[in-house]
Amino acid sequence: MSLRRSADRTTAPRAVGRRSLLKAAGASAAAASFGATLLPSRASAADEEALYDVVIIGAGYAGGTVARELSARGMNPVVLEARNRVGGRIWTDTFLGQQIDVGGGWVSPDQHLVMAEYQRYGMSYVAESGADVHVMPGESGFQSLAPEEAVGRLDPLVEQFMEGSQQYFERPHDPLYRSDLIAEVDQLSFADRIAQLDLSPLDRTWLSGYTSVYVGADNNRGAMTTLAQWWALGGFTSAGWHAQMSQKPTSGGMVSLLNAMLDDSSATVVYNSPATRVVESGGLVRVTAGRRIYSAPAVVVATPVNLWSSIDFRPGLPPVHAAAATNKLGIAHATKLWIQISTPSSTYGQGTVNSPIQMLLPERVLPDGTRLMIAFGGPSLDLTSKDAVQSAVRDYIPGATVLEYRAQDWGADPWARGGWGMRRPGDLLQQLPAIQQPHGRIVFAGGDIASGWNGAFVEGAIESGFTAAQQVAALVP
């Protein structure tokens, strides 16, 4: 039964109207930016306890989905967010007066939950523009190729890498459907799979460089089945694979949909409140965040898996969750850069495993004729050195001058401790479905543990959020 029944209203704090509370709080910058109810700071009150129907840890897409769905069921959720913004590893901000996505950036028309949410809120998306030239590794140094020539050589290599997935991921949204076949390939890393293929040295360099972007240059770290499942979700075609980074929101950036979902909920969002302890006892779960305790019949942990080890769970995590927290699902090295260069060159660049910039993407031409580029940096790139960044860009665009840049190292981010989720070899069969199950009154959510578009996609976070909401509803009827 919901704790919102009238007998509890004297003790259970209620979500104050979002707009009225913002006005009362002086429309603070953080609250105004993210459009969610902000609970005023009460640092002087030690160990205060507040009672809600459900406590949600993390205001990313998984937590936002849970908040909206449980609000629709008449529940009174509170969302505890460690940052001063919503989104988590999805981060829309500004750079040089331009809106940019520091984290995230693309959606796919094959991601049906996201598409349904865009339709629900009357939001739209637009196709990403392509590049005029592709710069790829050559026999010595880099070579410039026409897009059709580069894609015409790379796509068959990716297809070879994915060969067989149509059998073992026959139903990609149900990845364990052919677990008998998956057992034969789940132990393979990217490097293992590439070693199985009969490739020329240059083709091996191309494919290794391409896959390494997904794992921060360590092809031994990523499970081949993760990429194969994404391939399957795109319809087992190169066109579906490319579509996964083909669309972006027309306005508001990647966080705009999340803001709409939170605005559609009755949830109270408390910023700058990292959860440090989760204790289940006597039919309640008590979450400590700062000097306050938030209690509810259920809690949803909607943080990246890499953060689970930073929370003191009592009782402790089940073995599969503890192992995932130790081994980590978010890749350690995930660096995204936004770079302003002097030339409007529309160049796509792909490097080798060891390149300082592993992938370079053209973004938009600015009013002054310069261009913004997106880059994914390798471990060897010195993010503190403008000269180093410029040298890495010039591998692809000789003579280009880096005017300004902004870099985000997600591995160094204290509330992410890594980038997008990427299963390690063996994780799929070892973790699913156990990692998706509640532990007593503690429920887990997030793209890292989604069945379908897991790891690097908002779609997976929304999927997992829907599942977690159903699990909470079963615990708190």
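Tutor: Leaving aside neighbours within four places in sequence, Phe 161 is in contact with Phe 190, Arg 193, Ile 194, Leu 197, Leu 207, Thr 211, Met 224 and Leu 227, where contact means heavy atoms within 4.5 Å. This is a predicted model, in which local features need pLDDT of at least 70 and side-chain atom pairs count only at pLDDT 80 or more, while totals for chains, interfaces and linings use all residues. Residues are numbered from 1 along each chain as its sequence is written, and side-chain values use heavy atoms, with hydrogens and water left out.

Both Phe 161 and Phe 190 are buried, a word that stands for under 20% relative accessible area, with exposed being over 50% and partly exposed in between (1.4 Å probe, protein chains only). Rings of Phe, Tyr and Trp (its six-membered ring) pair if their centres lie within 6.5 Å, and planes under 30 degrees apart count as stacked, over 60 as edge-to-face and the rest as tilted. By this rule there are 14 aromatic pairs. In one of them, the ring centres of Phe 161 and Phe 190 are 6.1 Å apart and the planes stand at 85°, so this pair is edge-to-face. Because Phe 161 belongs to helix H5 (residues 147–162) and Phe 190 to helix H8 (residues 190–196), the pair ties together parts that are 29 residues apart in sequence; helices (H or I, at least four residues) and strands (E, at least two) are DSSP runs, numbered from the N terminus. Elsewhere, ring pairs link Tyr 210, Tyr 214, Trp 230, Trp 231, Trp 241, Trp 453 and Phe 457 into a cluster.

A nonpolar core is a set of buried Ala, Val, Leu, Ile, Met, Phe, Trp, Tyr and Cys residues joined through side-chain atoms within 4.5 Å. The largest one has 83 residues, and those that touch the most other members are Phe 161, Leu 227, Trp 241, Val 278, Tyr 294 and Trp 308. Helix H10 (residues 224–233) gives the most to this core, contributing 7 residues. At least three core residues come from each of domain 1 (54–89 + 118–124 + 251–329 + 415–475) and domain 2 (129–245 + 335–409), with bounds from an automatic or database domain assignment. A second, separate core of 37 residues includes Ala 59, Val 79, Met 254 and Val 300.

As for how the two domains meet, 20 residues of domain 1 are in contact with 29 residues of domain 2, and their centres, taken over C-alpha atoms, are separated by 29 Å.

Strand E17 (residues 335–341) runs antiparallel to E20 and is joined to it by 7 bridges, and strand E19 (residues 357–365) pairs with E20 in the antiparallel sense over 6 bridges; two strands pair if DSSP finds at least two bridges between them. Met 373 in E20 is the bridge partner of Ile 339, whereas Ala 375 stands opposite Leu 360.
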